[in-house]
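My notes follow in the order I made them.

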Amino acid sequence: MFTESIEVARATNGVPLRVNWQGQDYRLIAEPQRWFERRKWWEENLRIPRGIGAGIADYEMWRLQLVAVRGPQQVHSVDVSFDAQTERWRLVRVHDSLARGA
């Protein structure tokens, strides 16, 4: 597990459509899966004002199945997080890559 900046193009409803990672363009080959993870705010010394929590206490996470637009047709499964406050995307996990058709 790590964290790296990643560019994600989204539909108007917020669902990821395309990804640019390390200068390479990728397209999604499966419907993205979304969930939320609790931020370790107690370790970050983050003070959350009363009544505000959505997007601060939780990370919006997406699992994406990607294949490069050009180059080797290898499937990558990655988890990315979206920070609603900064509107930035971070790559947090790269799962085993699977050879297409395997």
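I count a contact, or a touch, when heavy atoms lie within 4.5 Å. The model is predicted, so I take local features at pLDDT of at least 70 and side-chain atom pairs at pLDDT 80 or more, while totals for chains, interfaces and linings use all residues. Residues are numbered from 1 along each chain as its sequence is written, and side-chain values use heavy atoms, without hydrogens and water.

**Entry 1**

I looked up Val-80 first. Leaving out residues up to four places away in sequence, Val-80 touches Ile-6, Glu-60, Met-61, Trp-62, Leu-64, Trp-89, Arg-90, Leu-91 and Val-92.

Next I looked up the largest nonpolar core. By nonpolar core I mean a set of buried Ala, Val, Leu, Ile, Met, Phe, Trp, Tyr and Cys residues joined through side-chain atoms within 4.5 Å. Buried is under 20% relative accessible area, exposed is over 50%, and partly exposed is in between (1.4 Å probe, protein chains only). This core has 15 residues, and Ile-6, Val-19, Leu-64 and Val-80 touch the most other members. At least two core residues come from each of β3, β4, β6, β7 and β8. The top contributor is β6, with 4 residues. In soluble globular proteins, nonpolar side chains tend to be buried together.

**Entry 2: the whole chain**

I listed the elements as DSSP runs, numbered from the N terminus: helices are H or I with at least four residues, strands are E with at least two. I find 1 helix and 9 strands. Their order from the N terminus is β-β-β-β-β-α-β-β-β-β. The protein has 102 residues, and 30% of them count as buried. Among contacts with a separation of 6 or more, 46% join residues 24 or more positions apart.

**Entry 3: Ser-77**

Is Ser-77 buried or exposed? Ser-77 counts as buried because its relative accessible area is 11%. It sits in strand β7. Its side chain makes a polar contact of 3.0 Å with that of Gln-65. For a polar contact I need a pair of N or O atoms within 3.5 Å; within protein, one must be able to donate a hydrogen and the other to accept it, and residues adjacent in sequence count only if both atoms are side-chain atoms. Not counting residues up to four places away in sequence, Ser-77 touches Arg-63, Leu-64, Gln-65, Arg-93, Val-94 and His-95.

**Entry 4: Gln-33**

Gln-33 lies in strand β5, residues 33–38. I list Gln-33 as partly exposed because its relative accessible area is 48%. A polar atom of its side chain lies 3.2 Å from the backbone oxygen of Glu-31. Beyond neighbours within four places in sequence, Gln-33 contacts Met-61, Trp-62 and Arg-63. Gln-33 and Met-61 are 28 residues apart in sequence, yet 8.2 Å apart from C-alpha to C-alpha.

**Entry 5: loop residues**

Which residues does Arg-70 touch, not counting those up to four places away in sequence? Arg-70 touches Gln-24 and Asp-25. Arg-70 is in the loop between β6 (58–68) and β7 (74–83). At 61% relative accessible area, Arg-70 is exposed.

I then checked phi. Most residues other than glycine have a negative phi. Gln-22 has a positive phi near 55 degrees, and it lies in the loop between β3 (16–21) and β4 (24–28). Glu-87 has a positive phi of about 60 degrees; its loop runs between β7 and β8 (88–94). Gln-22 is exposed at 63% relative accessible area, and Glu-87 is exposed at 58%.
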